[in-house]
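Work through these exercises with the sequence and the structure side by side. Try each task before reading its solution.

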Amino acid sequence: MTSSMQFPINYHRRASRLIHVGTLTLGGTAPIRIQSMANTDTNDIEASVAQAKRIVNAGGEIVRFTTQGTIQVNNLKVIRQRLREDGVETPIVADVHFQARVADLAAQCVDKVRINPGNYIDPARQFRSLQYTDEEYAAELQRLEERFTALLNICRQHHTALRLGVNHGSLSDRIMSRYGDTPEGMVESVMEFLRICKAQDFNDVVISVKASNTAVMIRTMRLLASSMRDEDMDFPLHLGVTEAGDAEDGRIKSAVGIGALLANGIGDTIRVSLSEAPENEIPVAKELVSHIAAIASAPLMDEDVDTTPKPTGAKAIVIPDDFDEIPDNYALLESVHQNPVGEIRRAVSILRAQGDGRPVVVRRQYDTNDADTFRIHAAADMGSLLIDGYIDGLQLVAPKLPPKVVSETAFSILQATRRRMTKTEYIACPGCGRTLFDLQTTLKRIKDATAHLTGLKIGVMGCIVNGPGEMADADYGYVGAARGCVSLYKGKQCIEKNIPEEQAVDRLLKLIENK
C-alpha cells in the first residue's frame, strides 16, 4: 500500500482547496500526503542530502529541514539543488522559528516555509502574564498584518507555499493573555494569520495544530475545522502528535491522534513524529493511512461526529483476551477489525437512547501476526472512542500474537488517551538539526532510570524551541541548552541551568526525588 493511495469513493473527507507545494499537489482530491523532518544538521550538506533520500525512498513525499539563520538558508538552497541534480523532485521545506527575516530569505529558495505563529513576530515566550487593552491588542494585530503580508508577497513572487504550525505550549504571551494555553488559544493563534491570508488572496497555505496530549490535539483540530468552516475557509490541514516519543508508545500515541481525525474525514497530510531515525516514521504513517482507508466505508465527517462527552465515571479497564466474562456492570460490544469504528459509536448511542447507562467494553479481534501493525490498527480504532467517552474498556483479541503484546498494547492505548496511567509518560521530541544531544541514547537512559515512576510525565526536548513550552503538561523536563549542556525544569520553571550533559540524568533523578 503506497503513501499516495486514494481513499474509497464513499469516504467523505473534509473539503479543502487544492494547493501546490513545488510539483506536488496537496489537499482537494489529492491523496493524503506523508512527510517527515530531517534530524541532520542543515550545515552538513552531505548528511542532509543522504537522509532526505532515505526519507524519500521510504515513501516520504515532503522533507523538512530546520533553518535557524541565513547560513542554514544558503545550505538548504544547496541541499535542494543537489537533490534536484540527482533526480529527486520531492518538495523541501524550511522550518523557521523566531526570525521573520529568515523566513523571507528561505521563501526565495525552497518549496515551502513553515513558521510558528507563536514566535513569528511576538517575542520569545516568557510565560509572563501580560495585560492588553483592546486598543493595544488591535495595534499588535496591525503590526502582525504588515509583517506577515510582506512574507506572503515574497511567497507569491517565488511560488512558495506556507505552513502555519502551532504547537501546544508554544503560544505567544500575547495570545496567552486572552485565551490561556487552551485549544481555543491555539486555534485563534492560527486564525489570526489565516484571516490575513484570506484578505490577501494567498491560498497556498497548509495548517497544523499539534500537541503531545492526544485529547488536546483531537479537540483542537476539530475546533479548527469548525472555525475555518464558520469563516468560509478551506485550507488543507496537516496532522501530527508532537513529541510522541519512540518505539511502541510513539506509534500508539500517533495512531490514536492522527487515526481519530482521519476517521472523522479531517486531514490532508500527516507526519508521525518519532524519536528515531526519520525514515522510520514513513512506514508507520503509510500503515495508518492504509488502515483508515480500509475501514472507511462508513465514515464520520467532522460536522457529523457527536463529540459530546459521554463519560460514565467508570474506571477504564482492560479485559485479558482469553477471558470470556466481563464485570456484570459493564456492557459488551463485539467487533472485528474490518468493521468501521463508526458502528461502535452508533451502537453505544443506541444503548444510551434505550436508557442503558452502563460503561461499555469493546471486544475487537485482529488477524495479524505483526506487532506494529496490530498496535497501529488497535490504537487508531480505539483512540477516539476512549477520548470521546463512548467506551470505558478494551478486550483486544489477536490470536497470532503473544498475550503480553496484546495486553501491553491495550494498557498503552488507555495511557495514550489519558484514560488510565499505568506507567511513566515520556514527552520526547523527534529531534532535528537544532537538537543539542544524542536524543535516542539520552531518551533510553532516562527511560531506564525512571520507568518505575508510574504516572509521572517527563519531557525530553532537544532544544529551547521545543522546550519548555511544547512539553506543555510534563511534570519535569530535560532540555538541551547548549552543546554538552542541559537545563532541568519542574513544570515550566527552569530549576537548574546549563548542567554538563554527563551529570544531567543523575541531577534529574535528584530533582524528582526532592519534589
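**Exercise 1. Which residues does Met382 touch, not counting residues up to four places away in sequence?**

Solution. Step 1: apply the contact rule, heavy atoms within 4.5 Å. Step 2: list the partners of Met382. They are Ile344, Val362, Arg364, Ile391, Leu394, Leu396 and Ile413. A nonpolar core is a set of buried Ala, Val, Leu, Ile, Met, Phe, Trp, Tyr and Cys residues joined through side-chain atoms within 4.5 Å. Buried means under 20% relative accessible area, exposed over 50%, and partly exposed in between, with a 1.4 Å probe and protein chains only. The largest nonpolar core has 114 residues. Met382 is among the members that touch the most others, together with Phe148, Leu194, Ile207, Leu224, Ile391 and Leu396. Step 4: look for another core. A second, separate one has 25 residues, including Ala428, Leu439, Val460 and Leu511.

Before going on, note the source. This is a predicted model, where local features need pLDDT of at least 70, side-chain atom pairs count only at pLDDT 80 or more, and totals for chains, interfaces and linings use all residues. Residues are numbered from 1 along each chain as its sequence is written, and side-chain values use heavy atoms, with hydrogens and water left out.

**Exercise 2. Describe how helices α11 and α12 pack.**

Solution. Step 1: find the elements. Helices (H or I, at least four residues) and strands (E, at least two) are DSSP runs, numbered from the N terminus. Helix α11 covers residues 371–387, and helix α12 covers residues 403–416. Step 2: read the geometry. Axes are lines fitted to C-alpha atoms, for helices over the stretch in contact, and angles run from 0 to 180 degrees between N-to-C directions. The angle is about 35°, and the axes are 9 Å apart. A crossing is left-handed if the near helix is turned anticlockwise from the far one by less than a right angle, and right-handed if clockwise. The crossing of α11 and α12 is right-handed. Step 4: name the contact. From α11 come Ala371, Phe374, Arg375, Ala378, Ala379, Met382 and Leu386. From α12 come Val405, Val406, Thr409, Ile413 and Leu414. Step 5: sort by class. Ala, Val, Leu, Ile, Met, Phe, Trp, Tyr, Cys and Pro count as nonpolar, Asp, Glu, Lys and Arg as charged, and the others, Gly among them, as polar. The contact of α11 with α12 has 10 nonpolar, one polar and one charged residues.

**Exercise 3. How do the axes of α8 and α11 cross?**

Solution. Step 1: helix α8 spans residues 247–263. Its axis and that of α11 come within 7 Å and cross at roughly 50°. Step 2: name the arrangement. Angles under 35 degrees count as roughly parallel, over 145 as roughly antiparallel, 65 to 115 as roughly perpendicular and the rest as oblique. Therefore α8 and α11 are oblique to each other. Step 3: their crossing is right-handed. Step 4: the contact residues of α8 include Gly259 and Ala260, and those of α11 include Gly383 and Ser384. Step 5: by class, the contact of α8 with α11 has eight nonpolar, three polar and four charged residues.

**Exercise 4. Is His159 buried or exposed?**

Solution. Step 1: locate His159. It lies in the loop between α4 (134–158) and β7 (161–167). Step 2: apply the cut-off. His159 is exposed, because its relative accessibility is 68%. Step 3: check the backbone. Most residues other than glycine have a negative phi. His159 is not a glycine, yet has a positive phi of about 55°.

**Exercise 5. Where is Arg418, and what is its phi?**

Solution. Step 1: Arg418 sits in the loop between α12 and β15 (425–428). Step 2: its phi is positive, about 60°, although Arg418 is not a glycine. Step 3: Arg418 counts as partly exposed, at 23% relative accessibility. Step 4: follow a contact. Asn213 touches Arg418 and Asp473, leaving aside neighbours of Asn213 within four places in sequence. Step 5: Asn213 lies in the loop between β8 (205–210) and α7 (214–230). Asn213 is buried, with a relative accessible area of 10%.
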